[in-house]
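Morning, everyone. Let me put the model on the screen, and then we'll walk through it.

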Amino acid sequence: MSEANMVLDQVAEHGAGVMEERPFAIPSSKLVMWLFIISDACTFAAMLFAYGFIRNSAAEWPLVFESASIWNALLMTFILVSTSLTVLFALRAAQNEDRAGAFKWTMITAAGGILFTLLHLREWMSLIGEGVRPFQNPWGAPLFGACFFSITGLHMLHVAGGVVALIVVGLGYRAGRYATRHVEIWALYWHFVDLVWMFVVPLVYLLNMKR
Amino acid sequence: MSNSSSNGMGTTFIVYAAILAIAVIQVVVALTMGPSLGRMLILAAIQGYLAVMFFMHLRDEKSTLRLALLPGTVFVLVMMNMIWADSFRLIHLRPFAK
């Protein structure tokens with residue numbers, strides 16, 4: 001653990017009476033992650049609202065997702081929600097000072113994130129193979145591709161960033177460079193990525209399902 | 001996640017199963033009854049509530065944190081709904097129609 005982290009932990013443990021209590025009873029780093037999450041939630045909400053706006057204002061909107069895509073999305077949901085569980089296992093291990101266990105579960109979570117990304121890329125490739133581009137597609141409503149790729153692409157970027165962060169934190173925690181609160185903060189982020197997907201599936205996939 | 005270590009994992013497993021069950025229900029509802037926006041949003045909101053309260057442990061945090069985070073976010077999300085009037089107006093202009 002770095003000297004700065006040790007000082008922070010000592011202040012957290014022995015600082016009673018020296019410093020005022022934290023107003024929200026959480027470390028400032030965790031508060032920052034919460035603030036990032038609500039601002040990022042507003043970003044995703046704005047993208048989903050923009051998609052709704054474009055869809056409403058289009059004369060016709062393609063319903064392109066066949067059952068294979070829907071089951072693929074359900075499988076991706078299963079993987080992402082399961083990684084929310086495994087990251088909780090990692091956090092629990094970290095809270096019990098089980099560094100090897102925390103590392104193992106963090107890496108399993110990251111592997112789930114990689115699998116999710118690969119399945120998502122497969123979905124993208126399938127649509128690109130059918131001729132979908134950001135500003136054109138074979139079915140009309142040229143902005144369908146822009147909506148789909150921007151929303152799912154931003155989410156995929158978040159998943160990829162989370163995978164990198166989890167690997168870095170997992171390795172650092174095992175080596176003693178990071179503390180439990182670092183695992184906790186990135187677990188929080190990972191749950192947020194999961195939360196966003198819960199809205200992307202019904203609004204982007206199910207509402208555009210072939211009937 | 002202040003009290004997460006004191007809670008058993010039992011609740012977590014139940015929430016995990018519930019979120020997955022809702023995901024399956026969403027697909028079944030979409031296939032059988034048609035994917036109405038209202039039904040999809042309600043089910044997604046339930047999933048989101050479970051994830052925020054139990055996975056992200058917001059229910060275990062101090063109420064001051066919940067008050068600091070939630071009303072502002074809800075306000076922003078509600079205000080975003082102002083765009084709908086404009087998007088419905090555009091239906092009649094048909095800007096993207098061929």
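Helices here are DSSP runs, H or I, of at least four residues, and they are numbered from the N terminus.

Some ground rules. This is a predicted model; local features need pLDDT of at least 70, side-chain atom pairs count only at 80 or more, and totals for chains, interfaces and linings use all residues. Residues are numbered from 1 along each chain as its sequence is written, with chains lettered from A and ligands numbered from 1 in the order written.

Back to α4(A), residues 99-129.

Which residues of α4(A) are buried? Buried means 20 or more other C-beta atoms within 10 Å of a residue's own, with C-beta atoms placed from the backbone. The list includes Trp105(A), Phe116(A), His120(A) and Glu123(A). Among the cover are α3, α5 and α6 of chain A.

Next, α3(A) and α6(A). They pack at about 165 degrees, axes 9 Å apart. That makes the pair roughly antiparallel (angles over 145 degrees).

Now the partner chain. 43 residues of chain B are in contact with 43 of chain A; contact means backbone-placed C-beta atoms within 7 Å. On the chain B side, α1, α2, α3 and α4 each supply at least two residues. The largest share, nine residues, comes from α2(B).

Note on methods
Two residues are in contact if their C-beta atoms, placed from the backbone, lie within 7 Å. Axes are lines fitted to C-alpha atoms, for helices over the stretch in contact, and angles run from 0 to 180 degrees between N-to-C directions. Angles under 35 degrees count as roughly parallel, over 145 as roughly antiparallel, 65 to 115 as roughly perpendicular and the rest as oblique. A residue is buried if 20 or more other C-beta atoms lie within 10 Å of its own, exposed if 12 or fewer, and partly exposed in between; C-beta atoms are placed from the backbone.
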